[in-house]
Amino acid sequence: MQFAANYELHDEIDSFDPKFSGRWQLSAGEDHVLSFRTSVQTTFRAPRSTI
């Protein structure tokens, strides 16, 4: 399991965006490995200026 975070500040707007990810190995053979990976995260887009 992994955890990461990103903090951004744009003028008066701030954003805290966490991310969680994980990897599970289901089986391993001589010539292959079967694993499952997943991640969940939030995103933030600062509003554009309309000048």
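View 1. The model is predicted. Along the sequence, the pattern reads β-β-β. The protein has 51 residues, and 8% of them are buried. Its accessible surface comes to about 5,000 Å². Carbon and sulfur atoms account for 51% of that surface. Now take the contacts between residues at least 6 apart in sequence: 16% of these join residues at least 24 apart.

**View 2. A hairpin joins strand 2 to strand 3.** Strand 2 covers residues 13-28, and strand 3 covers residues 33-41. The hairpin passes from strand 2 to strand 3 through 4 residues. The two strands run antiparallel. How many bridges join strand 2 to strand 3? There are 9 bridges between them. For a landmark in this view, find Arg23. Opposite Arg23 stands Arg37, which belongs to strand 3.

**View 3. The rings of Phe3 and Phe20 form a tilted pair.** A search of the whole structure finds 2 aromatic pairs. Phe3 and Phe20 have ring centres 5.0 Å apart. Why does this pair count as tilted? The ring planes meet at 45°, so the pair is tilted. For such a pair, stacked would need planes under 30 degrees apart, and edge-to-face would need over 60. Phe3 lies in strand 1, residues 2-10, and Phe20 lies in strand 2. The pair therefore ties together parts that are 17 residues apart in sequence.

**View 4. Six side chains to find: Phe3, Tyr7, Leu9, Phe16, Phe20 and Val40 make a nonpolar surface patch.** The patch has an area of about 700 Å². Strand 1 and strand 2 are the elements that give two or more residues to the patch. Which element gives the largest share of the patch? Strand 1 does, with 3 residues. Phe3 and Phe20, the tilted ring pair, are both among the patch residues.

**View 5. Phe20 and Val40 are two members of the nonpolar patch.** Is Phe20 exposed or partly exposed? Phe20 has 46% relative accessibility, so this residue counts as partly exposed. Val40 is found in strand 3. At 55% relative accessibility, Val40 counts as exposed. The cut-off explains the two labels: exposed means over 50% relative accessible area, and buried means under 20%, with partly exposed in between.

Notes
Residues are numbered from 1 along each chain as its sequence is written. This is a predicted model: local features need pLDDT of at least 70, side-chain atom pairs count only at pLDDT 80 or more; totals for chains, interfaces and linings use all residues. Side-chain values use heavy atoms; hydrogens and water are left out. Two strands pair if DSSP finds at least two bridges between them. Rings of Phe, Tyr and Trp (its six-membered ring) pair if their centres lie within 6.5 Å; planes under 30 degrees apart count as stacked, over 60 as edge-to-face and the rest as tilted. Buried means under 20% relative accessible area, exposed over 50%, partly exposed in between (1.4 Å probe, protein chains only). Contact means heavy atoms within 4.5 Å. Accessible areas come from the Shrake-Rupley method with a 1.4 Å probe; for residues, only the protein chains shown count as cover. Patches are made of residues with over 30% relative accessible area and no salt bridge: like charges are joined within 9 Å, nonpolar side chains (Val, Leu, Ile, Met, Phe, Trp, Tyr) within 5 Å. A salt bridge is a side-chain nitrogen of Lys or Arg within 4 Å of a carboxyl oxygen of Asp or Glu.
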